[in-house]
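Hi everyone, thanks for coming.

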Amino acid sequence: MGSNQTWIAEVTLLGFQLDPTLDYFLFVIFSVLYTLTLLGNGVILGIISMAPRLHNPMYFFLSHLAILDISYASNNVPKMLANLVTQKKTISFIPCIMQTFLYLAFAATECLILVAMSYDRYVAICHPLHYTVIMSWRVCAALAAGSWGFSLLLDMVHLVLILRLPFCGPHQINHFFCEILSVLKLACADTTLNKVVIFATCVFILVGPLCLVLGRRKAFSTCSSHLCVVGLFFGSAIVMYMAPKSQHPEEQQKILSLFYSLFNPMLNPLIYSLRNTEIKGALRRTLWKGRHV
């Protein structure tokens, strides 16, 4: 960061730019979805922590996924809800950059956790006799720690590349949060390097792991719920960052980001619980004990 670095004090998040009369309607809808996201993932965490039968690698990774979904939604949605009901839709530049940093970190970590979950299911299905040896708690802890640590280090690269840029306006982001591609449009310098690194990251984080999972799709014939989550998350990210842009790229990004921020975190607990007899059984036992306390 040189001495001629230009900063923006604050930026305006333009949001969805719909009829103002719809803002309160959207506020109610998104608030309900956000509440369901917190409750659903919170219930998953609670059940896994209280049920000894669920203290195994599969649910260890699922608990990390629940934490990520809560964190991911909480990074973006509260500011979006506030902007829907207030006239002042600004955010200071430093919190904006922090929002970008956390958004990238949580998204990359979730990709890697989903891959770790896929590997766990592959070992359980294809190597059941060696499962407890291959998927020891040491290995599970290393996979989880590696997913978080590698994502944070990778995100630091994006952060450094963003902070080296001079920002001189316009002081508006055509999004409901500080998404990285929208933030780069504020820079008054060449952002080609940033975009190349973003594309390379997508190849490494998205395309490579997705090919590995799909290459073993026969092994996951009994894991349709997990394949559904992987397909939704990875497919949407590839469309958002790697597919050719439509005639309205900003609106496309908003819709896909809304999916990541609200719908995917809300759907994950439903997908994993409704098709999972162990979680449903643990929930029934927990409720039964609660009634007799």
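**Pocket and cysteines**

Let's start with the lining of the second largest pocket: eleven of its residues are nonpolar, two polar and one charged. Here Ala, Val, Leu, Ile, Met, Phe, Trp, Tyr, Cys and Pro count as nonpolar, Asp, Glu, Lys and Arg as charged, and the others, Gly among them, as polar.

A word on the source: this is a predicted model, where local features need pLDDT of at least 70 and side-chain atom pairs pLDDT 80 or more, while totals for chains, interfaces and linings use all residues. Residues are numbered from 1 along each chain as its sequence is written, and side-chain values use heavy atoms, leaving out hydrogens and water.

Now, the cysteines. How many disulfides does a search of the whole structure find? Two, a disulfide being a pair of cysteine sulfur atoms within 2.5 Å. One joins cysteine 96 to cysteine 178, S to S 2.0 Å. Cysteine 96 sits in helix α3 and cysteine 178 in the loop between β3 and α6, so this pair ties together parts 82 residues apart in sequence; helices (H or I, at least four residues) and strands (E, at least two) are DSSP runs, numbered from the N terminus. Cysteine 96 is buried at 0% relative accessible area, where buried means under 20%, exposed over 50% and partly exposed in between, with a 1.4 Å probe and protein chains only.

The other disulfide links cysteine 168 and cysteine 188, with sulfurs 2.1 Å apart. Cysteine 168 is partly exposed at 42%, and cysteine 188 is partly exposed at 39%.
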